[in-house]
Amino acid sequence: MALAAARARALRALSPPHPLGQVLVAARRRCSEAGAPGALPPGGYRAWQEQAARDPAGFWADLARGWLRWDSPFHTACQPGRPAGTARWFLGGRLNVSVNCLDQHVEKSPNRVALIWERDEPGTAVHVTYRELLDLTCRLANTLKKYGIQKGDKVAIYMPVSPLSVASMLACARIGAVHSVVFAGFSAESLAGRIVDSGCKAVITYNQGVRGGRIIELKRTVDEAVKNCPSIKHVFVAQRTDNKVQMGDCDIPLEEEMTKAASVCTPESMDSEDMLFMLYTSGSTGKPKGIVHTQAGYLLYAALTHKYVFDYQQGDVFGCVADIGWITGHSYVVYGPLCNGATSVLFESTPLYPDPGRYWEVVQRLKINQFYAAPTAIRLLLNYGEEWVKKYDRSSLKTLGSVGEPINKEAWQWFYQVVGEGRCTLVDTWWQTETGGICIAPRPSEEKAEIVPAMAMRPFFGIVPVLMDENGKVIEGNDVSGALCIAQPWPGMARTIYGDHQRFVDVYFRAYPGYYFTGDGAYRTKQGYYQITGRTDDVINISGHRLGTAEIEDAMADHPEVPETAVIGYPHKIKGEGAFAFVVLKEQVAHVDRVKEELKTIVASKIAKYAVPDHILVVKRLPKTRSGKIMRRLLRKVVTEQSNNMGDVTTLDDPSVVKEILDAYQKYKEKSSS
């Protein structure tokens, strides 16, 4: 009944039914004939959204037949799964993702530019055509096969953005191996943990990385990691710099081997539900989760959202500046754009190198049409003023996008008015690693429909959002807030957590049975639009990177002088959220400042530098209930200076701890400002 009500509410928000048959058939014909999909047909958004909500299997089946190249057609579009709310898609169908991203475009336009590698060194962009990328991918795939990598094997990729890192992903897809890309800023311990959990047989990396004018010792980090990874048989090492690194017995010089390999590699025909990749994301329990995405459903959803959210047109230059180590890079640097035959920009550098005009100089030089970035970067650049933006020609821009966290109104207005000159569509996108692609965004919509600043607004085709109250009931009507859930499955959603399906069920489907629980809260406006209000669990979003507070606490607990810690997120002007750590030290600790610095070093080495708390406050004890649970909401109240409204503290073992912590925070604040 609740699901029917949610669907009905979603449908009521749309206009009366449209003749959908010709809409979908036309889309299918346009895809197959043109190679790249065109714009939404008249009335398309409302028609497609209604059909996707009413008949998801039929809607996605028609699009899958037209959008993707199949080796064997599927016989069942959607099979409901357990728990309720999950599904398997396009059963019986077989295809190869690399063929959809490369071969089909090489057949039609081999010299079309697939990738523009905007290297760290300004003005040294490298253009790679679809033909060249296919050659690179096949040689790399054959090299992997030569060293025993087979269908179903797991391969870790520890590389910054580059054509070779994209080819590494596609080479795995071509031979049916499963890639696990690990952000090249993670520590050796974090890398090792992901390799061990996934059972990777090989690692692909560079000798070094280059970012912001600095050298990053990638191979050294891999060497440290694989000491604790018995499953690793080979480490394939490419050369980003001319500097030599020590090579061990299991190390393979990648480019040298690729020159010996054949430039043709027969693609493995994969079942729609075979694993394509896993990507680790943070959770509230400390241990990162290996989110599993499969072949056809993920690719279709990434391609469709790339096309329609950003209004991508054939010939556009698509500029997503995300790293491939995150899901944004997977879906909107690699798979979505390449499936659509787009030209995708690979941005290796930083927004401040060599100066705060780097993004906009790149827009001018590469004539970028869509620019997709994180609010963290926009807030950072806003502080440098308008002159760095207006110095460069941005007339090529048509669509701006924001990703990773909700964007605040000041940053939205600056992005829209200064960068986009008030003429570019700005889409604030909400989605997650688990969703595979964008779920809520201002576009697609009816032509020239309003966009509300700093709001995600409209669900994508097939996404039926619902808000739930604390009793697990659907909240009807508008002008209401609740826990954001999604009422029916869609092709791009994750299938499981690798090696722990029960955790997948517990995290995403146990709180609200039959619904996918996003972990975010949302507000539905009087007009029926959606505003994301932030996390409802102990996951914080630092510069667009989700990080479980338990991960930081676990790392800090390794310090011999620290028996207890509690980490919370707090509002940060640049990063969106920052980490604030409350630490209890053992008695008689003489060098408190030294311990704080050691704690920062531990977090940086065990997780990554971005995870290091901005503040570490030493307290005598933490606020705990009688059962021993730390009441982190009270710590959030302290840091956000809402101590006049602490709420119910009757369950605290000793309520006097609140004043104790408040006094310590006030002294810390006064010392910091002096």
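Biologist: How many disulfides does the count come to?

Modeller: This is a predicted model, where local features need pLDDT of at least 70, side-chain atom pairs count only at pLDDT 80 or more, and totals for chains, interfaces and linings use all residues. Residues are numbered from 1 along each chain as its sequence is written, and side-chain values use heavy atoms, with hydrogens and water left out. A disulfide is a pair of cysteine sulfur atoms within 2.5 Å. By that rule the count is 0 disulfides.

Biologist: Is C78 buried or partly exposed, and which cysteine is closest by sulfur?

Modeller: C78 has 21% relative accessibility, so it counts as partly exposed. The closest cysteine sulfur lies 15 Å off, too far for a bond, in C439.

Biologist: What kind of aromatic pair do F59 and W60 form?

Modeller: Rings of Phe, Tyr and Trp (its six-membered ring) pair if their centres lie within 6.5 Å; planes under 30 degrees apart count as stacked, over 60 as edge-to-face and the rest as tilted. The count comes to 46 aromatic pairs. For F59 and W60, the centres are 5.0 Å apart and the planes at 85°, so the pair is edge-to-face.

Biologist: Which elements hold F371 and F415, and how many residues apart are they?

Modeller: These rings form an edge-to-face pair, with 6.5 Å between centres and 75° between planes. Helices (H or I, at least four residues) and strands (E, at least two) are DSSP runs, numbered from the N terminus. The pair links distant parts of the chain: F371 in strand β18 (residues 370-373) and F415 in helix α16 (residues 409-419), 44 residues apart.

Biologist: Which residue has its charged end over the ring of W117?

Modeller: A charge sits over a ring if NZ of Lys or CZ of Arg is within 6 Å of the ring centre and within 35 degrees of the ring normal. Here the distance to the centre is 5.6 Å, and the residue is R119.

Biologist: Which exposed residues does α21 carry on the face turned away from its buried side?

Modeller: Helix α21 (residues 657-673) has 17 residues. Its buried residues are V657, V658, I661, Y665 and Y668. The face turned away from them carries K659, K667 and K671.

Note on methods
Buried < 20%, exposed > 50% of the residue type's maximum accessible area, 1.4 Å probe, protein only. Expected span 1.5 Å × (residues − 1).
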